[in-house]
Every structure is written in structure tokens, then in C-alpha cells.
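Biologist: Before I rely on any label in this model, I would like to hear the rule behind each one. Please put the structure up and begin with the terms.

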Amino acid sequence: MPDGYESVIGLEIHVQLSTRTKMFCGCELSFGEEPNTHTCPVCLAHPGVLPTINEQAVRYGLQIALALGCEPAARSIFHRKNYFYPDLPKGYQISQYDIPLASGGRLGEVRIHRVHLEEDAAKLIHLGESGRIHGSAASLVDFNRGGTPLVEIVTEPDLRGPAEAREWAQLLRTTIKQLAVSDVNMEEGSLRCDANVSLRRAGAAELGTKTELKNMNSFRFLERGIAAELERQGALLTAGGQVEQETFHFDPRTGALTPLRSKEYAHDYRYFPEPDLVPLAPTQEMLSAAREALPELPAERRDRYEAELGLPEVTARQLAFDAELGAYFERALDASRRGAAAKGSAGDGAEPKVIANWVTGELVGRLREAGDGEVDPASSKVSPEALAALAGMVESKQVTTGAARQVLATLVAEGGDPAEIVEREGLTQMSDAGELEAIAERAIEAEPGAAEKVRAGNPKAIGPIVGAVMRETKGRADGGEVTRLIMEKLGLS
Amino acid sequence: MIDRKQVLHVARLARLELTDEEVERMSGELTTILDHVERMDELDLDGVEPTSHVVALENVLRADEPRPSWPREQVLEPAPDPAEGAFRVPSPQA
Amino acid sequence: MSADLLGLSVAEALRRIEAGGLAADEYFDAYAKRAAADELGAYLWRAEPGQAGAADGELRGVPIAVKDIFCTEGIETTAASRVLEGYRPPYTATAVRRLADAGARLLGKTNMDEFAMGSSNENSGYGPVLNPWDRERVPGGSSGGSAAAVAGRAAPWAIGTDTGGSIRQPASFCGIVGLKPTYGAVSRYGMIAFASSLDQCGPLTRDVGDAALLLRVIQGRDACDSTAIGIEGGVALPSRERLEGLRFGVPRELSADAEGIEAGVSEVFQRTLGVIRELGGEVDECELPHAAHGLSAYYVLAPAEASANLARYDGVRFGPRADSDGDLISMYERTREAGFGAEVKRRIMLGTYALSSGYYEAYYGRAQRVRTKIAGDFQAAFERFDYLVTPTSPTVAFRLGERTANPLAMYMSDFCTVPMSLAGIPAISIPAGLAEPDGGGSELPVGFQIAAPAFGESGLLDAAHALERAIGFDTRPPAMGPQG
Ligand SMILES: [Mg+2]
Ligand SMILES: [Zn+2]
């Protein structure tokens, strides 16, 4: 980015709602079924049909709006957005325009401009060369997706960088995931994120010319796409050029941004009020029902983790702002408490802090090594119950941290019960002081050079001796205890 | 006055391929009709709410209960160019 | 025998069927044969005679003609447009289904102006309809086929649709009864949309009693149409004979001051006001200050909605597709160019223009505000009057081809009917007498329009019934020979 400029980023997010039926007809939503098996005269726009509003979609829309701190409109209406495209059977999309469902909210540091309801387009499959008709390429239209309920969320241009945009988008995803109103899966398209990107002179009030980025179907691509576009705009401005208002399509395979064919005919959507539908005027009952259905939201969860569980801010945030991680942690925590209660022990099982560290540290690290990028521990072989049990064993000194890491590696690879693995692999922490003493003595004898240095006042030189003990005990000895014992044998304690 | 250029622009928005003769005639006819329509301008409409609906209804909602979709053979029966269980169209990207 | 049957009102036919004096199949066949001999171009599809059917339900198997704008499962439905040629809907419109559920049998699908856009039925993609009173003249439109069939004894009754006068004006031109119910009284589901905020389904019948009978069956709430709430308390069959205690307002803007009202129409109108007084009704002049602007607002709002409603005819999912160069835009443009007639294109263009960037406020926005004003005018008038009365159409039926070259002159035909459509209130046209057209010629029917407050259909039908009795109009066109 050229000096003296700042980036200004706003996001437009489309969320497919996980209702049972479509927005305006009774067809069930589809998940990869055969093309055109989830359609009816209404969603195929046959002559004479009329739309009817899905009650659940309105409920979900209100929940999202409230979770984002928006003010629901006392009376919102639907509009027709007119344009011709084969994936739009009516020749217009039923959407909301000047009076959206809700507006004026905030999530984290980003203000929400508006939240509205609309319907999804159908799916176009481009046949390319293989499907040429009359010598030109052809496409196939599958109307299964057409009419799926969508909530569109538009932010104010409050984001200042690609990483910030990614992080915020993830927070938004977690928030909606928590509401259980959508799968919010970017790869599958149930969460779609477009970005409006511009540069302006630092401190300037007015915005620069923005471009629109579409089709970034993962958080990584969102970040990458925005970064690439900022770079392009920066180079353009540095060279004395001007940014043109344009729309770019992000190609996930190449990471390239291609401008959508410059529109010979500018879009003119000719919005007007949809006469087939009556206004939405959420009643007090509808609003309180939506409010009551709100679960703990990420910011609240983070605060609770800090205040009640004593987690450090970074860990609390990491768990609370990542839907999958947070859910996993909650289950592990729960398992730990239940386990402790079952055993009738006085405590609450492993310390939440210990479980949290195992989840965010060891587990995520290992899963990241094993897979690529986004990690969902719930889909790993390590059950939250197993992780809770393992953390409990460390805390009660049944196994050493080192041994526990070995157990985790086994759990990641093949799953199972940590207690059994400990048993099977003989990893129970050594509690026979005499045996350990003998091993320590042998290790000192085996590393005379190191022993000399330690005696000469260099405590760091103890490493090789500790290492030898650990090798001998296969990690079953507690590292702190081993160090203390060696120092004692060297006459230094 | 709706001139030829405007007629062509609107025809493109409406996806109508008009013949030259139609463009010519449309220009005259639309102008005449809009001249009449513009008599509304005589009225003082400041502060008047627009009416898009005469029915005083709100919140007419449908329960989220699935109804059977339509068999695919029937869906595709009236299609001018069915292919591979779908509706084939010239590619918008062509 | 057959001629006798064709002269019966549906109510009378039902009485005879119920009493056992008439077989439902005989009654149906009499009409099926008459419809088969349709010389007016009224039908686009007809049922075969000799199809026995159930004769139960309230309507006991009586035949009914249905405007081709209503979807009928498996039966070609085109809204008289070439763009839907060969289209057989996968479902049936709610109004038609309600009729079938009540025991009526589909006699045929009637011709109309393409997508209900027109006032003469000359805009059909399948040929014009002739007026049974004078075959050189139009039957009115857009429900011209339904009106001609009912007037010409080729159907005992029919349903049509009215957006700005499309039931009332052809009823007026053909000398029969036509009722546009309150917006929301009858479901629009399965009724091919022209202008969704105005379209309403209603009866075309030979007397007011039959109109009530038909409305009673078709009206009602429908889960498939968010705007259909039905008429609370249903529809009572009319019985009133006098008009004492009722106040009739005569809006100056739609009568004396209206442009282009023919002398003969005016005379019949004045005479009818006299009949109201004789029946004990009060008649007084009133004002609808914005009504004269109704046509302007209508010709923005209806085409605007139509431009969107007709976007689905794109050659992708149903209907014919024109040859293209393999390019999507040319596929769309040629399919629509070939499929739509001149008037439909004109309205699509008008509506698209009125909604386009930079013009919305000047046209659409203003028209919506005029609509508010007109609805307010009616509301104020109904504080003083029970009903408002006007001529249905400024003229009697005009000659075929007379107005086709001048769209605006054609639109003027809806001058008196459009304001009620904009306000969403019910209005009925009953035949009030005969008059020569300006410039001379044989006498033709003149319609008298009565409008009521929203959902006031029962009272409206009652008043119209009393007036109809007193007028004693013979609905039989002269070409059909003397009554009975
Ligand atoms: Mg959208
Ligand atoms: Zn559907």
C-alpha cells in the first residue's frame, strides 16, 4: 500500500438460512441432490404462482439482526429487484430495499449497516466447450437452490486491512453459527462474503472509488483477495492512475482477480415494492421470541471465560470467537465436570484453564499439522471426553505432560480412551522414588562433563542429564521432579 | 419526448428486440402516453404517502413445513431445451 | 328445448336440476354444443359435449366458462399470448378449483386481450372476439371472450379478471352483469399476473343473482395468496326490491365532467338515476377530486408491475424459444419479440421506462401518491354516500379496428372504471339500456356502474339487484332472436 493511504473495507455477507423449506414456497432445501428435484411451480416461476413468506426465515432473520445489535424495522417491505439471468426464474429477485428487516447494529469494532431477507438464485453449471449449442457454449440451470432463504448483512466500511477483515468475518460466522440458523459453511456456499475495497488518503473523510470482490469462498481467500486488490489499487494510485468502479471475480485456483465483463449496459434494477407480499411488522411476541432464542454470543462467551473460568484474554477470545473450537471446549469442560461428579471427587475435574490450554495449544497444533488450515476438532478422532480425561490425568499427576503428549498423538491418529492408552503403553507417571533416584545417579555418571559444568555454576548444563533420565523412564517421570533430584544428587539444593 | 436512443435502451433493459419500424412507432406512442401521464404533475402531492397496497394486512406468513416438490420429468416436460436433468440455455458467459 | 335452456339464469337452472326437471348433463351438453358452434371467437378451448360428470355440490355440474388467464391443470392456458403457446399448467388456479369443488364443470377457456392488456379484445394472439350485439364491433376487453360467450348464450356464466375495468367494460359492451370484487376478496393464485396490486377475479353473468351465486363460491381466504382474505361473513344472495334509505353519489368527474362521454350513454345514465329515485333512493352529486388522474396513475402502475410480471416469459423453463445465435441475450430478446404482441410490448416498454433509473419518482412514485389521493377521495365520498354511480364506459362498443391505431384513445375506455381499481373497492356494471353510438348506428348496450366501500359486496349486489329488476333490461342480443 502506498504511504499516506489507508484501506477502507466493507463486507456484504449472504447467509443461507437452515430452514426446512424455501423462502417463498414449500419445497425442501436441497443438499447436493439431483438437479431440479426440489422445485415446484412457485420456485420455477410458472405463470400465475404467488410467493408466500416462510415464517421461520423471518424468525431466523430477526435472530441474526438482534445478535448483531440491529434495530428491527417496525414495518419492512419486500421489493422486486429486476434483471434477466437464467438463474433467476421470475426475472426479478424478491429482496428488501429501502426498508430492510433491521439496520444500525454492531459486531465487535464493525458497524452493521443493514440486515435484510431475500431469496437465493438457482445454480448455473457452465458446460463450456463440451456443451456447445449452435456453436456457442451452453449452461445448465438447476433450480434446487433457487429460492433458498438468504439473510444479507451489509457492514459499514469499518475494516482497515485484509487480516482484520478475515478475523471479523470469522467472528460473524461464529456468531451466526451460535444461533444455529445456518450452516455458515463458506466452501459449501451457505456463507458468502463479498468485499468492497478502496483506498483513501489517511485521515480523509471521503472514500475513494471502491471495487467489489466476489466469489472468495474461504476466509483465506477473502484475506488474499482483499490483499491483492489493495495492492493493485495501491500500484495504480502510486503510478498516478485512478481506480475504476469495477467488480472482480476471485479465482480460488489461481488466486487471480478477473474483472467481470464490463457491463455494456449498466445495471438498472428498477426496484419497486413487491405487490404479492404484505409488510412484515414484527410483533412484540415475535421480537421477544427471537430475543429469548439468542444463545450466548461470542463477546459474552469471551467475557465469561475470562471472568468465571479465569482464562487469559487471548485464550478466551480464541475459544469464544471460533465456533468449532468453542463448542469443543464447552463439551470437554462439560465432560470433565461430569467425570468428576461421577467419581464423587470434590473438585470440578480438570481446571478449565488446563483444558483450554490443551484444546487451543496441543490439540489445535497437532490437528493443524495433520490437516490444512481451518481446524474442526469435533471432526477429529479425539473426543472432547477423551481430551478432558487426559487433561485430568495430567493435573492429578497420573501422567506427565510429556507422556500426555504421546497419548494425544495416539488419540489423534486412532482415537480411543486415554486411560487405556496410558495403561497399554506403560506411561503411568513413576511414583517409586527409589527407582527414580537410581536412574538419576546412573545418568549423572553417564554425563560427567555436564555434571561438572552444573557444579561449576552453570545450571543450564543440566539438560543432557535430564534428557538421559527421561529417555530411560520413557517420559513417565515428571520433569520438575527429575531436575530437583539431579540437583540434590549433585549437592546443589 | 422518448427518442430512439431511449427506446433502444429501455428495450434492452426489457429484453425486447424491436424492429426498426417498432422502434419508430414506440417512440411516438410512448411520448403521447407519457404526455398524458404527466398531467399528474398538476397535482400537489407533497407529503402524500405512496400506496403500493390497498390491503391493510401485515405478517401473512407460511409455516416452515415442506410440501412435496414436483417430479423432475414434469418439471422438464415444458422446457424448450432440457438436457441432463436440467434446463439448457446459451451460456451467459459466451 | 335447447334454446330454452340457454335462456335460463344459472340460479333457475339449478332450481330445475334440484327439482329433477332438468338433467345436469343435458344442461351442460346444451352449452357444450352451443360453444362448439362459437362464431364469435369467444373460446380458445372448449369441452366436448357428451362428457358426463358429477352433478353434486352447490353448483350441481353446471358449466362455466373461464378466462384463459386462469391456469387449468393439463389444459392449455396461454393468456391469449403466443409466448405461452402450448403451455399446459401443472396446477389449477384457486378460483377455478373452488368452482370445481362446488360442482361446476369447465365448459371452455375464453379468449381475451393478451395478458389482459386491452379494452377491445383485439390484442389476443389468437384472433379477436366479436360483439354478439353487432359483429362489426368489439366486445370490450380484456375479458371480451367471457363477456361475449355469456351474452351470446355460449356460456351461462363466466369468470374473468379486472385490473382497470376488464370485467366491467366488456360486461357493459355486451349487455351483461360484470362484478369486480374488492381487492383481496378472491384469490389470485393461478391467475396469470398482469398488475398484481390491481388484478382481481370476478363474475360475468346475465343477472345480478347469478353474480352473487358465483362470487359466493370463488371468494375466500387462500394460503397460496397472501393478499386474499375473502369477504367476511360471505356473500348474501340479493333480494332487495326498493332502494329507500340508500344514498347514491354521482361523482361529477366521472360523469358530467368526464371527457368523451357519448350522448346516448349520458342519456341512459341520467334515466337510470331517475329509476333509482323512483325506487326511493337518494341521488346527489359528489366529488372525487383526483379521479380524473386515475388513468394517468394506472398507466404507470399497471405497466410497471406488468414489466416485472412478464419477465418470466424468457424461453428458459416453458413456452416456445426463438432461434438465436447461441447468445443468451439474443435468445431472450428474440423469444420475447416473437412471443409478445404490440400492446404487451408497449406496456412492458412503458413500465420499464417508468421504473428505470432517474424516472422512478417522477412516474412510479407520483402515481403511487395519486393512488393514495384517489383512495382518500372514495373514503371521503363514502362518508356521505352508500354507493357511487357512474357510466361504466364513456362509450358503447366501438368498431373493430377503430381504436387500434391510437393506444391513448383505447385507454380512455377505462376512464370510469380505473379509479375503483386503484382504490381496491368493489364495483359492478349492470346493463341499463340501449343507446346509439355517437355518429349513429344500431342501438347497443350501456352499462351502469355502482361502486361500494371495500368488502361491501353483499350490499352492492342487493342494490344492483333492485335496480336491475326495475330497469328490466333484455340481455338477449337481437341477432339471437326474441327472448325465450
Ligand atoms: Mg443480495
Ligand atoms: Zn418450490
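Modeller: Helices (H or I, at least four residues) and strands (E, at least two) are DSSP runs, numbered from the N terminus. By that numbering Ala79(C) sits in the loop between strand 2 (63-67) and helix 4 (94-101) of chain C. This is a predicted model, in which local features need pLDDT of at least 70 and side-chain atom pairs count only at pLDDT 80 or more, while totals for chains, interfaces and linings use all residues. Residues are numbered from 1 along each chain as its sequence is written, chains are lettered from A and ligands numbered from 1 in the order in which they are written, and side-chain values use heavy atoms, with hydrogens and water left out.

Biologist: Why is Ala79(C) called buried?

Modeller: Buried means under 20% relative accessible area, exposed over 50%, partly exposed in between (1.4 Å probe, protein chains only). The relative accessible area of Ala79(C) is 0%, so the residue is buried.

Biologist: Which peptide bond is cis?

Modeller: The bond that joins Gly141(C) and Ser142(C) is cis, with omega about 10°. Ser142(C) is in the loop between strand 3 (105-110) and helix 5 (144-151) of chain C.

Biologist: Why is Gly28(B) called partly exposed?

Modeller: Its relative accessibility is 38%, and therefore Gly28(B) counts as partly exposed. Gly28(B) is part of helix 2 (residues 20-37) of chain B. From Gly28(B) to Leu43(B), 15 residues along the chain, the C-alpha atoms are separated by 25 Å.

Biologist: How do you know that chain C is as compact as a globular protein of its length?

Modeller: The radius of gyration is taken over C-alpha atoms, and the globule rule is 2.2 Å times the number of residues to the power 0.38. The secondary structure of chain C comes to 15 helices and 11 strands. For its 484 residues the rule gives 23 Å, and the chain has 21 Å, close to that value, so chain C is as compact as a globular protein of that length. Its C-alpha trace spans about 65 × 55 × 45 Å along the principal axes, and 68% of the residues count as buried.

Biologist: What does the globule rule give for chain A?

Modeller: A compact globule of 493 residues would have a radius of gyration near 23 Å, but chain A has 29 Å. The C-alpha trace of chain A spans about 90 × 60 × 50 Å along its principal axes. Buried residues make up 52% of chain A, which has 15 helices and 15 strands.

Biologist: What makes a residue count as touching Ala211(C)?

Modeller: Contact means heavy atoms within 4.5 Å. Leaving out residues up to four places away in sequence, Ala211(C) touches Val177(C), Pro203(C), Thr205(C) and Leu461(C). Ala211(C) belongs to helix 7 (residues 208-218) of chain C. Its relative accessible area is 0%, so Ala211(C) is buried. Ile428(C), 217 residues away in sequence, is 9.5 Å from Ala211(C), C-alpha to C-alpha. Of the contacts in chain C between residues at least 6 apart in sequence, 75% join residues at least 24 apart.
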